[in-house]
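Me: I am new to reading protein models, and I would like to go through one slowly with you. Could we take the features one at a time, with the general idea before the case?

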Amino acid sequence: MKGIQIQGVEKSFSKRKILQELDFTFEAHKIYGLLGRNGAGKSTLLNIITDRIFATSGQVIVDGEVAKNNDAALSKIYLSSEMNAYPASIRLEKIFKMTELFYGDFDYTLANNLAKQFDLDLQQKFGKLSTGYRNIFKFIVALGVPAEYIFLDEPTLGLDANHRDLLYQSLSTSYIERPRTFVIATHLIGEVASLLERVVVIDQGQVIINGDLEDVLEQSYLISGPEKEVSEYTKNLNVIGKERLGKISSYYVYGKLDDECFLPDVVTIEHLDLQQLFIHLTNPRKEQ
Amino acid sequence: MTKLAMLNVAIDNYEVSRMQFNFNSSEPLYMQVADQIREAIFTRIYVAGDQIPSTTEISRNYHINPATVLKGMNMLVSQNLIEKKRGIGMFVVYDAYQKIVDQRRNEFYQQRVIELVKEARRLNISEDELVKLIERGFGQ
């Protein structure tokens, strides 16, 4: 079976549980958004998938094979993150060659092309790059490897708006030309949302959402109106957040609405975008 | 590349870049894709027999997931506004413009007139006054 299956993966550091029994699949040939607040466990999960750190329990299956200590399976996965730093004195071109040694056939045409577009001189040494260009370079390497599963951990860190735009465009072009799985972990939810087909939200070490972006947004609502009517209408719904401005209350709801319930005409219903949904889902609930 | 081919590419990019998407809108993105193309047919940017921008072009220009763009396209195919010619692309069908006009005329009463009357009532504008205002609008 194609895809990456996360089976009962748990991770604890000393006594603290970072990931709690994760069970889900990254399906092949789709672009995923992996969203979570700082410390939610995203990077830990990515490092477990790529066998950089061990899970306390559970396993990762890549196209039907256990990934742990399995070079064939691991060469199908590429993780671009803060952790892959290269020696400062090494030239960028050389890094392409090093990458090819492990992953095989590197796409030099694409990489050179992207370097030109981003105005990146490949004769430079890695240590000379600014934070932004270091991330641009890592992104270029990630697109050049022949791996089937590409994980990008905060690929846009330190990039200006123009370069971020170019990065999203390069990603979608490369995906169209060679469909493969991309998993993008990012905090810039609004910018990346249109690129995504599926979305996984991790909160406090647990997957709280895993679905088609469209289906997820379909059941995300903002219900506003006078407090009494709004609280009455939402009483059996999954309310994830509330806001109040003067006499108007806004309730954020995730899940199905109650079709039987009467909707007073002073109450309005709108859909949320992904960022609004994320903020309210991952805010610690304050009981009022 | 021949001069003509270059011109075509330039036109394509120009046409693609006329589309506008509101990524913060609560309307699903695939429906916005369909709306934009429908609007372009309605305003005669694309007439019967024209090829519309490909999924790839739209996806690349706006970094929208190709599956999302395709879903919007398929919606228009199922409404018989565009048709797929295998290996070439998507084309505007001969009566697409008329279909869109008919559909918009149907919606005109439901969406515009009813809303107009509702708002007029809230503003205490009488039927006579409203008719006069409409006449004034036509006079412009």
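Me: How much area do chain A and chain B bury between them, and what percentage of it is on carbon and sulfur atoms?

Reply: Please keep in mind from the start that this is a predicted model. When two chains are put together, each loses some accessible area, and the buried area is that loss summed over both. Here chain A and chain B bury about 1400 Å² between them, with 52% of that area on carbon and sulfur atoms. On the chain A side, the residues that lose the most area to chain B are A:I176, A:S194 and A:E214, which together account for 40% of what that side buries.

Me: How many residues does the contact take from chain A and from chain B?

Reply: The contact takes 16 residues from chain A and 16 residues from chain B.

Me: How many residue pairs are in polar contact across the interface, and which part of chain A gives the largest share of its side?

Reply: Across the interface of chain A and chain B there are 6 residue pairs in polar contact, counting pairs in which both residues have pLDDT 80 or more. The largest share of the side of chain A that touches chain B comes from helix 6, residues 161–177, which supplies 8 residues. Sorted by kind, the residues on that side of chain A are 6 nonpolar, 5 polar and 5 charged.

Me: Which parts of chain A does the pair A:D212 and A:R198 tie together?

Reply: A salt bridge may also be found inside one chain, and the side chains of A:D212 and A:R198 meet in one at 3.0 Å, N to O. A:D212 lies in strand 10 (residues 206–212) and A:R198 in strand 9 (residues 198–203), so the pair ties together parts of chain A that are 14 residues apart in sequence. With 27% relative accessibility, A:D212 counts as partly exposed, while A:R198, at 11%, counts as buried. Salt bridges can also be linked in a network, as they are for A:K2, A:D63 and A:K76.

Me: Is A:T282 buried or exposed, and which backbone oxygen does its side chain reach?

Reply: A:T282 counts as buried, at 4% relative accessibility. Its place is in helix 10 (residues 274–282) of chain A, and the side chain of A:T282 reaches the backbone oxygen of A:F278 at 2.7 Å. Beyond residues up to four places away in sequence, A:T282 touches A:R37, A:V201, A:D203 and A:I208.

Me: How far apart are A:N210 and A:F26 in sequence and in space?

Reply: They are 184 residues apart in sequence and 9.5 Å apart in space, C-alpha to C-alpha. A:N210 lies in strand 10 of chain A and, at 31% relative accessibility, counts as partly exposed. Setting aside neighbours within four places in sequence, A:N210 is in contact with residues including A:F24, A:T25 and A:Y32.

Me: How many helices and strands are there in chain B, and in what pattern do they follow?

Reply: Chain B has 6 helices and 2 strands, and along the sequence they follow the pattern α-α-α-α-β-β-α-α. Of the 140 residues of chain B, 30% count as buried.

Note on methods:
Residues are numbered from 1 along each chain as its sequence is written. Chains are lettered from A and ligands numbered from 1 in the order in which they are written. This is a predicted model: local features need pLDDT of at least 70, side-chain atom pairs count only at pLDDT 80 or more; totals for chains, interfaces and linings use all residues. Side-chain values use heavy atoms; hydrogens and water are left out. Contact means heavy atoms within 4.5 Å. Buried area is the accessible area (1.4 Å probe) that two parts lose on being put together, summed over both. A polar contact is a pair of N or O atoms within 3.5 Å; within protein, one must be able to donate a hydrogen and the other to accept it, and residues adjacent in sequence count only if both atoms are side-chain atoms. Helices (H or I, at least four residues) and strands (E, at least two) are DSSP runs, numbered from the N terminus. Ala, Val, Leu, Ile, Met, Phe, Trp, Tyr, Cys and Pro count as nonpolar, Asp, Glu, Lys and Arg as charged, and the others, Gly among them, as polar. A salt bridge is a side-chain nitrogen of Lys or Arg within 4 Å of a carboxyl oxygen of Asp or Glu. Buried means under 20% relative accessible area, exposed over 50%, partly exposed in between (1.4 Å probe, protein chains only).
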